[in-house]
Amino acid sequence: MDTNFSDDFEVKGKFSIKKTSTEYKGPLTKQEGQAMLAIEKEKLRNLQEKLYADGSQSLLIILQAMDAAGKDSLIEHVFGGVNPQGCNVTSFKTPSSKEYAHDFLWRHYIALPQKGMIGIFNRSHYESVLVCKVHPEYNLSEKTWKSVKDFDAKFWENRYESIRNFEKHLSQNGTKIIKIFLNVSKKEQKQRLLDRINEQEKNWKFSAADLPERALFDQYMSAYEQAINETSKDYAPWYVLPADNKWFARVAAIQIIIDALEKMDLNYPALSDKDKKGLVDAKKALENE
């Protein structure tokens, strides 16, 4: 690709969500973007196979966004061509009682991709500093805290520190982390929610619970801005993608993922002299059947 989306959308330095476009699509047309995506999907499939064969590292992709921003469809369109044996998707909902009985990172740790695999988190440990920041009373379910008054600036500072340490530990032990925020405008979100109501085949996607959260849109944007500023690091960078045009967000995301895999210096396993001789012997045996 001529445009370097990895550099264009990586958060470096101070990030302001108000100064970030949700509509940008560069010089591409939708048709060009869709054609590009088809080409890049084949490249991603080959790199995923190489990651699996290499077996020394893993890739964790974290997707965060407001409702109707396009997380599910991005997963479908970007990863639709990869071998499902080498890719796992985990969608994190409201924690269960068992999950609340552990620290807030526990359920995410056990879902991490093993070496050779791509893991995709549809929502993630960041919900603890996003939805729980907007609704601090949710933290009381952890049973560690007595009152919402406990959730002061120090509490949130500790949460960000825990996330940074968690991701740094993963990075130091062979997991490459990519964090993508699909930045959709309030106007576009409204239209997509209306589409879910007006188009019968999309009715199943609509939840009345989305509306109360939409009313808190600005608070969520503030929570996202702080979380991204606190946790975008070289070992686990954030990429903020304009998501009002779904096709563009997909093209940008797949290039970012491909760039990350290419930088991992992956290699197919080299055969020993003994193994090479075994191949020659096996070939002869098959040919002489």
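Is D265 buried or exposed? At 58% relative accessibility, D265 counts as exposed (buried is under 20% relative accessible area, exposed over 50% and partly exposed in between, with a 1.4 Å probe and protein chains only). This is a predicted model, where local features need pLDDT of at least 70 and side-chain atom pairs count only at pLDDT 80 or more, while totals for chains, interfaces and linings use all residues. Residues are numbered from 1 along each chain as its sequence is written, and side-chain values use heavy atoms, with hydrogens and water left out.

**The overall picture**
- The protein chain has 12 helices and five strands (DSSP runs numbered from the N terminus: helices are H or I with at least four residues, strands are E with at least two).
- Of its 289 residues, 46% count as buried.
- Its C-alpha atoms fill a box of roughly 75 × 45 × 40 Å along the principal axes.
- Take the contacts between residues at least 6 apart in sequence: 81% of them join residues at least 24 apart (contact means heavy atoms within 4.5 Å).

**Aromatic rings**
- A search of the whole structure turns up 14 aromatic pairs (rings of Phe, Tyr and Trp, the last by its six-membered ring, pair if their centres lie within 6.5 Å; planes under 30 degrees apart are stacked, over 60 edge-to-face and the rest tilted).
- W145 and F155 make an edge-to-face pair, because their ring centres are 5.1 Å apart and their planes sit at 90 degrees.
- That pair links distant parts of the chain, 10 residues apart: W145 is in the loop between helix 6 (131–134) and helix 7 (153–172), and F155 is in helix 7.
- W145 is partly exposed at 27% relative accessible area, whereas F155 is buried at 6%.
- F155 also pairs edge-to-face with W156, at 4.8 Å centre to centre and 85 degrees between the planes; both F155 and W156 are buried.
- Elsewhere, ring pairs tie F5, F9, Y24, W247 and F248 into a cluster.

**Charges over rings**
- The charged end of K133 sits over the W156 ring, 5.3 Å from its centre (the test is NZ of Lys or CZ of Arg within 6 Å of the ring centre and within 35 degrees of the ring normal).
- R159 lies over the face of F104, 4.1 Å from the ring centre.

**Helix 2**
- The 25 residues of helix 2 (residues 30–54) should span 36 Å, and the end C-alpha atoms are 35 Å apart, which agrees (the expected span is 1.5 Å times one less than the number of residues).
- Its buried residues are G33, L37, E40, L44, L47, Q48 and L51.
- Those buried residues pack against strand 1 (58–65), helix 3 (71–79), strand 3 (118–122) and helix 11 (246–262).
- Just after helix 2, G55 takes a positive phi of about 70 degrees.

**Positive phi without glycine**
- A68 isn't a glycine, yet has a positive phi of about 70 degrees.
- You'll find A68 in the loop between strand 1 and helix 3, and it counts as buried at 7% relative accessibility.
- D265 isn't a glycine either, and has a positive phi of about 55 degrees; D265 is in the loop between helix 11 and helix 12 (273–287).
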